[in-house]
Amino acid sequence: MIVGRLAPTPSGRLHLGNVCAFAAAWLSARADGGRLLLRIEDVDVTRARPEVEQSLRDDLAWLGLTADEEVARQSSRDYAPALARLAPRLYRCQCTRAMREQPLPAGAGCQGHCVDRGHTDGAIRFRLDAGPMTFVDRRWGPQRTDPRTFGDPILVRRDGLVSYNLAVVADDVADGVTDVVRGSDLLEYTAVQIQLWQALGAPPPRWLHAPLVLGADGKKLSKSHGSAHVGAMRDAGATPADVWRVVLPWLGIPGASSLAEALPRWDPAAGPRGPITLPR
Ligand SMILES: [Zn+2]
């Protein structure tokens, strides 16, 4: 059974890049007769805002991006069991931000400072295995990356807050997710997450990285790109069909004005790889 998920983060309003990735997740799950979960990714409680969460829910419903089931939000979950399972590969890191930003060779623990020091407090890092890894992305094809380019990921911050790196993988494993669909800015980072999946004793999911959508200024969409937000488009009189006629061509389905119309034409490998740059 295919299990996909929509996993919005309630720190920013829904923009066209989110819509593109969520549409790919929706179409992928529906096309294969799978289930689709909704999970609110509010592990970083310092950034989550209730009014933003409500606007995300409203925008998803307005677009017809419906899930079959809502699973536990991240802020209500216990990540201690996952950390216990990962314990043989965890170590404490006491690097300061300045130390972390020094350009040191890839693949040297937390850049060589703490991996074998036996610190008893500090941030908790996950020790990556050496060497390049391969995986297949359903849109981008075979990929080969060295996860250590990124350095050992922090799973728990120095202040005790569980990081997104740990939460997203532990949740997907706990929720039985088989399909991970998201923006292509995370394509290379997949290698790091595969190691976490494996260390948690779970078979890694199918991966699909949707085109990244950039503002007219070439930058990742953010609050400053107001017109690329679904709420702003709706306020300006757009209908869901108007949004879909913009977004679905990015997934290789031009001319469709609803998800239902797009579904029979879904092909995970079709369409541009991106990035897509919005017109001015
Ligand atoms: Zn360190």
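Analyst: In this predicted model, the lining of the largest cavity draws at least two residues from each of three elements, namely helix H5 (164–174), strand E9 (179–183) and helix H6 (190–199). Of these, H5 gives the largest share of the lining, with 3 residues. The residues that line the largest cavity are Arg5, Val168, Val169, Asp172, Val180, Arg182, Gln193, Trp197 and Trp207, and by class this lining divides into 5 nonpolar, 1 polar and 3 charged residues. The volume of the largest cavity is about 30 Å³, and the structure holds 1 cavity of 30 Å³ or more.

Turning to the packing of helices, H1 (residues 16–31) and H8 (residues 240–247) pack with their axes 10 Å apart and at an angle of about 80 degrees; angles of 65 to 115 degrees count as roughly perpendicular, and H1 and H8 are therefore roughly perpendicular to each other. In this contact, Leu16, Val19, Cys20 and Ala23 of H1 meet Val243, Trp244, Val246 and Val247 of H8, and the residues involved comprise 8 nonpolar, no polar and no charged.

There is also an open sheet of 3 strands, in the order E4-E5-E8 and with antiparallel pairing, whose edge strands, E4 (90–93) and E8 (154–156), each pair on one side only. The twist from one strand to the next averages 45 degrees. Strand E5 (residues 123–126) pairs with E4 in the antiparallel sense over 4 bridges, and Ala123 in E5 is the bridge partner of Cys93.

Key:
Residues are numbered from 1 along each chain as its sequence is written. This is a predicted model: local features need pLDDT of at least 70, side-chain atom pairs count only at pLDDT 80 or more; totals for chains, interfaces and linings use all residues. Side-chain values use heavy atoms; hydrogens and water are left out. Two strands pair if DSSP finds at least two bridges between them. Axes are lines fitted to C-alpha atoms, for helices over the stretch in contact, and angles run from 0 to 180 degrees between N-to-C directions. Angles under 35 degrees count as roughly parallel, over 145 as roughly antiparallel, 65 to 115 as roughly perpendicular and the rest as oblique. Contact means heavy atoms within 4.5 Å. Ala, Val, Leu, Ile, Met, Phe, Trp, Tyr, Cys and Pro count as nonpolar, Asp, Glu, Lys and Arg as charged, and the others, Gly among them, as polar. On a 1 Å grid over the protein atoms alone, a cavity is a set of points where a 1.4 Å probe fits but cannot get out, and a pocket is an open set with protein on both sides within 12 Å along at least five of seven lines; lining residues have an atom within 4 Å of a point. Grid points are joined across faces, edges and corners, and a volume is the space filled by probe spheres set on the points.
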